[in-house]
Amino acid sequence: MIRHLSAKSLLLAALVSSGWAEAPDNSPAGGDGLQNQFANPPDTARMWTWWFWLGDKVDKASLTADLEAYKAQGMGGVTVYSISGPGVETKGPNYMSPEWRELFKHTVTEADRLNLGVSAMLCSGWNAGGPWIQPAQACKRHVSAELVLTGPQHFTGKLPQPKADPRFYQDLAVQAFPLNPAAPARRTVPPCKTLDDSFGDSIGTPIGNICAAPLKPLPAAAPGTAIDPAGIIELSARCGTDGTLDWEVPPGQWKVLRTGYTLTGKMTSWSSPTGNGLEADPLDAAAMDFQFANAAAPLIEDAGSLVGKVFRSVQIDSWETNLPNWSSGFMADFKTIRGYDPRPYLPALAGQIVGDSALTDRFLYDYRRVVADCVAENYFGRLSTLAAAKGLLQQSEAGGVCTPKVMALDALKNLGRCAIPMGEFWQDGTWVESNQNKNGKQTAAAAHVYGKPIAAAEAFSSFVHWVDSPASLKPTADRAFCEGLNQFFIFSSATHTGDGAPGTEFCAGTHFNRKITWWNQARSFTDYVARCSHLLQQGLFAADVLFYNGDGCPNFVSPKHIDPALGPGYDYDVCNTEVILTRLAVKDGTIVLPDGMNYRLLVLPESTTMPLAVLRKLKDLVAAGMTLIGPPPVQAPGLTDYPGCDKEVRALAAELWGGEIVEHRTSKEEYGTRTDTASAAVIDRRVGKGRVIWGLSPRQILLRDGVTPDLEVAGPKDAFVDWIHRGVGGAEIYFLANRKDRPEKVACSFRVAGKVPELWDPVTGMTRDAAGYAMADGRTNVPLEFSPNGSMFVVFRVPASVSAAGGSNFPDFKPLQELAGPWSVAFDPLWGGPLAVSFEQLVSWTRRPEDGIRYYSGTATYRKVFDLAPEVGGGLDRGQRTELRGQKTEIKENKSLVPRLLLDLGGVRELAEVRLNGKTLGTVWTAPWQLDITDALKPMRNELEIRVTNLWPNRLIGDAALPAEKRLTSTNITFKKNQALSESGLLGPVRIGCVSQ
């Protein structure tokens with residue numbers, strides 16, 4: 001069994017050798033290596049894409065064209081993804097056929113030529129399965145049927161068979177127990193407790209509610225309904241394989257329960273026409289072996305010597321298998337993991353109370369725990385073992401949250417089995433809770449506590465088509481970065497084989513391929529993502545508090561939030577039982593992990609239960625110097641070593657918290673809620689070298705210990721500046737993002753002293769020292785300004801002994817000259833626009849009377865020739881010389897004028913490439929829509945060219961009103977003629993202005 005993957009040093013070596021990470025930079029923090037790589041990010045930080053082979057309709061020419069386009073636009077690699085969907089009517093080579101494999105081999109060869117990486121999904125569509133999966137290897141669930149008999153009598157007859165898939169059914173047990181005729185004949189155990197039903201709507205139900213649902217105790221059993229486990233009669237030996245029972249029925253009424261397991265019937269999702277099949281059983285390692293042999297081993301063979309170098313990893317996308325809850329080896333796994341035979345408690349899976357409600361709850365806890373452990377070990381853990389043996393890494397969306405039904409998973413444990421844990425985040429608002437991604441913090445926490453340098457994500461998924469540009473993607477990216485994600489796989493890029501534009505697409509996705517309107521400008525956005533990813537892959541995440549998420553299943557991590565007990569300014573991680581038992585240690589009063597992560601406090605959940613092994617480990621950690629915060633447990637969950645386990649839990653809790661408080665908790669506290677008696681007293685005990693505290697918040701304790709918040713932000717009451725902090729080699733790296741679509745001015749106080757704050761702009765790659773800051777009381781205070789949805793890094797590397805007072809970190813933009821109309825604008829006639837038209841004013845294309853402009857999608861070029869206003873000409877560096885019409889003119893010194901000149905485009909929908917006097921100045925794609933034009937200006941006859949690109953919907957809406965033969969576009973995605981058009985074009989005002997340096 002895999003407890004966790006190898007130490008971080010070994011994993012990092014594997015990531016480096018496979019091209020997933022850079023070799024560690026051991027240069028001093030003040031060196032320029034980090035700065036140079038920020039300006040020009042390495043391939044290891046570049047965004048990848050899920051590369052959809054729609055219907056497997058691809059050819060070598062289209063694959064090469066795609067890969068060359070991805071490389072040109074700054075991508076790092078592709079995940080080969082055979083998939084289909086609504087409107088995808090094309091069909092290519094059969095999935096995994098020799099012809100298909102030849103295309104994969106071509107992909108790997110071409111990716112090697114282009115220095116791109118390749119990953120592959122473990123099936124066509126998702127999750128893991130295919131046409132090779134037979135019923136014995138497919139997802140299974142437990143089922144039961146019952147028959148009431150009255151004795152005494154000799155019964156010979158066929159028992160009713162549980163409702164089953166016709167392809168597979170296997171008996172588990174036939175059991176009989178006395179039935180009270182007066183008792184209500186109804187199910188007592190809720191289906192969710194036995195994984196027959198979901199714990200809630202995974203999209204709409206808060207994560208905390210999902211995790212709390214199975215922990216709610218069962219109500220007391222109705223009189224006469226509980227089954228005495230000692231009174232259960234085993235009849236399996238008296239029942240034939242056809243279900244015929246031969247039994248001498250004792251006096252009274254008896255319920256005969258026939259329990260077995262069958263298929264869930266779940267097929268792979270959105271597979272290509274020849275890739276569809278049953279999903280592999282995630283609880284059975286043999287099923288994963290078979291899946292790997294059919295879906296990965298052939299590709300490994302085809303990639304040959306490029307395995308590990310170019311072909312780097314295998315993936316499982318998402319967790320959408322409904323509710324598999326049994327397997328052929330489950331009974332044996334249960335005995336191994338929990339240490340007892342579950343057979344006497346099988347009636348609980350049919351809704352019966354066995355013993356009493358509390359005893360049944362304990363069994364169901366064990367049952368759900370075994371399901372979760374089997375998934376972690378036999379599915380994700382086994383895949384990692386198989387992949388590593390062949391030189392590949394395993395990266396999967398292993399943590400859920402599940403859809404459409406919530407599975408009993410230990411999300412952190414699953415993700416910990418992945419060399420590269422993955423989550424997902426959506427562009428259209430799906431999978432968002434309280435303005436945070438459902439599993440962003442979960443994925444990042446798993447990476448941190450299991451020692452994984454990369455926390456990856458399926459990025460920008462959406463059910464809305466072609467409505468997003470880099471400007472609208474940026475806030476979503478920034479939210480994910482602040483949650484701790486640091487490697488993006490954009491969802492998605494479909495390959496095209498001459499199917500028109502924008503072409504056939506999957507039914508979901510922020511479409512990202514060479515047929516989107518802004519493809520030629522995409523490099524500016526991929527550079528932004530790479531700069532942020534690179535810095536956020538450096539070193540270690542900085543957090544003060546580690547929260548224990550308990551041991552129940554399902555066990556998911558709630559989205560990033562400000563815990564009321566911790567308050568703003570501190571960051572945190574979340575761990576599970578496995579991390580406590582196998583990875584936590586204490587050094588000098590600090591909680592440490594083998595890979596370098598460290599925390600000041602461990603905080604327990606509000607729960608009356610705790611696994612005995614966890615409490616034993618906590619006792620050792622406290623004795624070694626750990627500070628433990630939270631309530632004492634009074635019992636262990638489950639039936640392992642019951643009832644002795646409860647006695648030891650109370651004894652250990654008394655040693656840590658004190659006997660009196662444990663007695664209060666035992667006698668007066670309801671589950672999960674402290675009574676006034678328990679909460680009135682503050683417990684603050686020295687135990688060994690450590691402390692046990694209950695009744696004070698983590699924030700109170702940190703402040704009392706002299707640990708001020710890592711980052712404090714002062715500004716407007718409703719401002720929202722999100723952030724994350726990492727440290728590497730003596731450098732402190734803070735990423736800050738304005739989560740509001742408005743300018744923001746704030747004062748930020750960092751828990752860093754003695755170093756210069758540097759402002760690093762991930763949009764441009766430019767870095768500079770802050771001009772104004774103050775150091776006092778072990779902190780550095782820096783005034784910061786953000787554009788709407790703006791972001792920046794604040795990096796502390798270089799020693800400083802004094803504050804820098806008086807300087808402005810963000811000088812005001814002073815408009816000096818407006819470039820008013822008319823503008824000459826040229827559209828592409830191939831897409832219905834006029835070749836030349838004059839705009840007297842800068843307005844949205846949708847406000848123009850010409851249909852060719854109102855419905856235009858693509859790029860239009862704005863041109864204007866202008867002379868520089870006299871008040872602008874002096875605004876250049878002292879002594880700078882500018883070549884004007886072959887002559888060199890001295891720019892006069894004017895200290896009252898600032899030295900740099902900017903072009904401010906005002907508003908752009910969606911991107912703009914700017915050329916001035918034949919010099920390409922760059923692409924503007926986000927606020928503040930400005931760029932430096934100082935070195936390109938002339939006093940007279942400046943030739944300005946602005947190429948503005950919008951999005952596809954306007955042309956698609958216009959075409960929807962036309963007969964098919966007159967349409968310019970071709971796609972399977974439906975638009976309606978009465979849909980609202982999107983503002984497009986250069987909106988202005990366009991101004992030249994100055995700022996100070």
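Visitor: Which strand does Asn942 lie in?

Guide: You're looking at a predicted model, numbered from 1 along each chain as its sequence is written; local features need pLDDT of at least 70, side-chain atom pairs count only at pLDDT 80 or more, and totals for chains, interfaces and linings use all residues. Side-chain values use heavy atoms, with hydrogens and water left out. Helices (H or I, at least four residues) and strands (E, at least two) are DSSP runs, numbered from the N terminus. Asn942 lies in the run covering residues 942-949, which is strand 47.

Visitor: Is Asn942 buried or exposed?

Guide: Buried means under 20% relative accessible area, exposed over 50%, partly exposed in between (1.4 Å probe, protein chains only). Asn942 has a relative accessibility of 0%, so it counts as buried.

Visitor: Which residue's side chain makes a polar contact with the side chain of Asn942?

Guide: Setting aside neighbours within four places in sequence, Asn942 has contacts (heavy atoms within 4.5 Å) that include Lys864, Phe866, Leu916 and Asn917. A polar contact is a pair of N or O atoms within 3.5 Å, one able to donate a hydrogen and the other to accept it; residues adjacent in sequence count only if both atoms are side-chain atoms. At 2.9 Å, the side-chain partner is Asn917.

Visitor: How many residues of strand 16 are buried?

Guide: Strand 16 spans residues 487-494 and is largely enclosed by the rest of the structure.

Visitor: Which residue in strand 16 is the bridge partner of Phe52?

Guide: Two strands pair if DSSP finds at least two bridges between them. Strand 1 (residues 48-54) pairs with strand 16 in the parallel sense over four bridges. For Phe52, the bridge partner in strand 16 is Ala494.

Visitor: Through which helix does the chain cross from strand 15 to strand 16?

Guide: Strand 15 (residues 456-461) runs parallel to strand 16, joined to it by four bridges, and Ala459 has Ile490 as its bridge partner. The β-α-β crossover between them is right-handed (with the strands pointing away from the viewer, the path from the first strand over the helix to the second runs clockwise). The helix on the way, residues 470-483, is helix 12.

Visitor: Why is the pair of Phe334 and Tyr340 edge-to-face?

Guide: Rings of Phe, Tyr and Trp (its six-membered ring) pair if their centres lie within 6.5 Å; planes under 30 degrees apart are stacked, over 60 edge-to-face and the rest tilted. The structure holds 54 such pairs. Phe334 and Tyr340 have ring centres 5.2 Å apart, and the pair is edge-to-face because their planes are at 85°.

Visitor: How many residues apart are Phe839 and Tyr862?

Guide: Their ring centres are 5.9 Å apart with planes at 75°, so they form an edge-to-face pair. Phe839 is in strand 38 (residues 837-839) and Tyr862 in strand 39 (residues 859-866), so this pair links distant parts of the chain. Phe839 is buried at 0%, and so is Tyr862 at 0%.

Visitor: Which residue's charged end sits over the ring of Phe839?

Guide: A charge sits over a ring if NZ of Lys or CZ of Arg is within 6 Å of the ring centre and within 35 degrees of the ring normal. Elsewhere, Lys864 lies over the face of Trp823, 5.6 Å from the ring centre. Over Phe839, 4.2 Å from the ring's centre, sits Arg848.
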